[in-house]
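Hello,

Please find the structure below. My notes on it follow.

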Amino acid sequence: MTADVSIRNATKSFGTFKALDDLSLDIAAGEFIVLLGPSGCGKTTLLSILGGFLEPTSGSVFIGGRDMTHVAPAKRPTTTMFQDYALFPHMTLAANVGFGLRMRGMGRGSRDEKARGYLDLVGLGQDARKKPHELSGGQRQRVALARALAVDPDVLLLDEPLGALDLKLRRQMQDELKVIQKRVGTTFIHVTHDQEEAMAIADRIVVMNRGRIEDSGSPSEVYMRPRSHFSASFMGEANFVHATVADVAADEVTVETALGRMRLPKQSFPDGAAASGGDVTLCIRPEHFRDDAAQGRSIHIGEARVSDVAFFGTHHGCSCVIEGGPDTVFKAHLPQTSDPRPGSTISLDVNADHIVILAAEPKGD
Amino acid sequence: MSTLTHERAERRKAWGFVLPALLWTFAFFVVPFIYMAAVSLWTRQGRETIHSWTLDNYLNFFGKPHLLQALFNSLEVTVIVTVISVILAYPLAWIIAERVPRRFQRLALVLSILPFWTSYVIRSYSWLLVLSDSGPVNQALVWTGVIDTPLALSATRTATVIGFVHFFVMLLTLTIYANLVQLSPNYRRAAADLGAGGLQTFWHIILPLTLPGIMVGAFLTFVLCIGDYITPQILGGNNELLLPQVIMLQLGRTANFPMAAALSLVLMAVVTIAYLLCARWLKIERA
Amino acid sequence: MKALRTILSIAYAGAIYVFIFLPVVVLVLFSFQDGRLPVPPLQGVTLHWYGEIFSDSRLMSALANSVLVAVVSSGISCLLGFLAAYGLARYTLPAARLQRALIIAPMTVSTLIIGLGLLSLFGALGIFRSLWTVGIGHVVINLPLCFAIIYGSMGAHQVNVERAARDLGAGEWQVMLLVTVPMLMPSILAAFFLALTFSWDEFIIAFLLSRFDVTLPVEIWSMLRSGLNPKTNAIGSVVFLVSILLLLVMELLVFRKPRRAS
């Protein structure tokens, strides 16, 4: 089963601290949503409000079109998969997975059978008689998933479920989560602070900061065309250059930067930002410096002196300073085959279409 | 609105859980205590209890040397017992935690507190046997020629102290050991790494870190020791009375409840002062 | 140097162990004394004194009383302690610190004072001293202990487990009985057994608050008036044995269970 979710103007205050600040979000049925943000950004608070463990100070929550704002967790068509799994330590896996069904009055026979089915789904059918402490971290995580799914929730809430696993296992579980989500069709709302995890599993990423939504969209949208400074810097590395709009033409905008004048495609600008005299921030991903030979119009940023190089397998990561430019350190990713050395000079070019233009950051941040 | 009613219902439920324990403690601890405090302001004359409120009992206590002496005896014995017990128990706890191989530690610890589980009365009685004129200690001393005639060990303060120390060495070994094993061995490694010798490490690192455990144990020793009636009554005899013995005497001979109550409150005040002195080390918090 | 330290350690530990075990060994050894005095020399080995105690009806009924009072008072202490711990750990209540302090308070007060207070109050209310009043007194001293142990074992991890149960549709009582209690069983049992041994061994409250039916420590106390007697050794040895058995049961039941996976 599955349902859509709508959060309307939700605010949650703890004393003077606003964990959620007038946040609205619509989630389609069957969507795999990832709430992404640093700790304290409000993502877990939002998840708790959806699960019914917290009530918003104001605003409302609709699930499947019904107002759930003040409904107890048990009465909601949601289940939560907790960060520490919260498996019942004294029960077998079968009893853990069957617990929700037992609470719904299902008889032992049929609930054991159903629990077995869900354990099979997560590949632990053979271990139904074991207890949680006999399992590895990844296996416990699977049991928690099976237990949450066994009651046929419309919406599954996942609170950093992969946080406790080591990197390799985490990547593997991401794939499994995605496969299982497609199979059961339940709406998954998944909280994490790991942007790689978010990109790997999400249909849609919602980037949160300070109780607000900074950005939302498919992983490629959020990465390639972030809508805010925060979003751009949280999703991977980025170089930021302050710019002032000098001239607006039919499909091109000329901006003035510390690195010189640049002509940029007008569609790159957010609405209203392309007014003459306005302040904007240019955002350039380090890896975009390497496709200088690619198609499209190239912008020459300048010659840069390499100060530091590290090899990452897929690329060389260089820190460099533009000659004749400001002191700010630029990050550039060069191809594996190149051989940059500290002290050498490289030419930085970038495809004009790859430059993202953001509203200027408010001062003092 | 519905949030409010929900919270109110939750709160009612929470009170439902806590109230039985609170009521029990209130009815059978707070109320008797207040009543006793009131009784301590009455006086007993002959076979009559005078129900007018006066501080006579307290004035009597500070006025009569034999009563005040009982308090001093109690304090002296308690302090001696606490100090000796800590000094004896710490090395044992240390040896169990540091010198005994890990898999035998539990056994060593259980053994060190095994006699803890003999009955309270019986433990004192056993010491009476051990310390009696023809008991093993005296027999051994005479046999080895250290002394000619048996020492009068029972019915002395020494006997009381030995009986107490026996009990509290076990208790303190347990609490100090629990503290020692919690210390990460990395503290010691770090100290050694930074050039501290064995004694310096102990003095600057281990001792300060185990101080809370010692204080908890010492406070427990103090409370249990100063309020104990059995050990001094069985082992100390009637030569030198401690405060609890005097309190019990008030009940027995003259049924002087008011005086017993007043003396109890004095005892309680002493414990409270001790508690305040080491309160910062005695926190009962959730793990 | 290292060898010397090892020798010193062994010597010290050995000396303390001798000190700790001396009275117990003497107690048990001379319970088999074939003679009237439980002091050296050992005149022969007999089970006579054990026969004596098991045929002593007063002693046996005191033993039964002790078991009864210990089990009932420990059970009540655990129940009240658990409920209070649950309420205080899982909900936010006004003056929670004060409430905790009040429940813990009797632990810091001498049992003599608690006994005396109850004695005077019961006297004033005309309540007769009996095993019931002894039991009430024992709950007063064991409730703080049970509360502290159980409250101390209620961590944040379990809050999430309870949340999960609630999320899956369990009601308040179902969460408590199916999840919280089984999860906390080790500490609840530890609290119960500890309370059991304390109550079993408690003298002063039992002495002050009982009259015709007495508990074992009180009965032993009155036996002491007849002076040193191997019969006292025998009952002491039996009590010791029972306590050790209890300890073993606790060890096997509570501490040998596989630890909660974290």
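In chain B, 64 residues are in contact with 74 residues of chain C; contact means that the C-beta atoms of two residues, placed from the backbone, lie within 7 Å. This is a predicted model, in which local features need pLDDT of at least 70 and side-chain atom pairs count only at pLDDT 80 or more, while totals for chains, interfaces and linings use all residues. Residues are numbered from 1 along each chain as its sequence is written, chains are lettered from A, and ligands are numbered from 1, in the order in which they are written.

On the side of chain B that touches chain C, helix α1 (residues 2-39) of chain B gives the most, with 18 residues. Helices (H or I, at least four residues) and strands (E, at least two) are DSSP runs, numbered from the N terminus.

Helix α5 (residues 120-131) of chain B packs against helix α10 (residues 216-224) of chain C at an angle of about 25 degrees, their axes 9 Å apart. Axes are lines fitted to C-alpha atoms, for helices over the stretch in contact, and angles run from 0 to 180 degrees between N-to-C directions. The contact uses B:Y120, B:V121, B:I122 and B:Y125 from α5(B), and C:P217, C:I220, C:W221 and C:L224 from α10(C).

In chain A, four strands form an open antiparallel sheet, in the order β17-β16-β15-β18; strands pair if DSSP finds at least two bridges between them. β17 (329-334) and β18 (345-351) of chain A are at the edges with a single partner strand each, so one side of each has no neighbour in the sheet. Seven bridges join β15 (residues 298-311) of chain A to β18(A). A:H300 is opposite A:D349 in β18(A).

Regards
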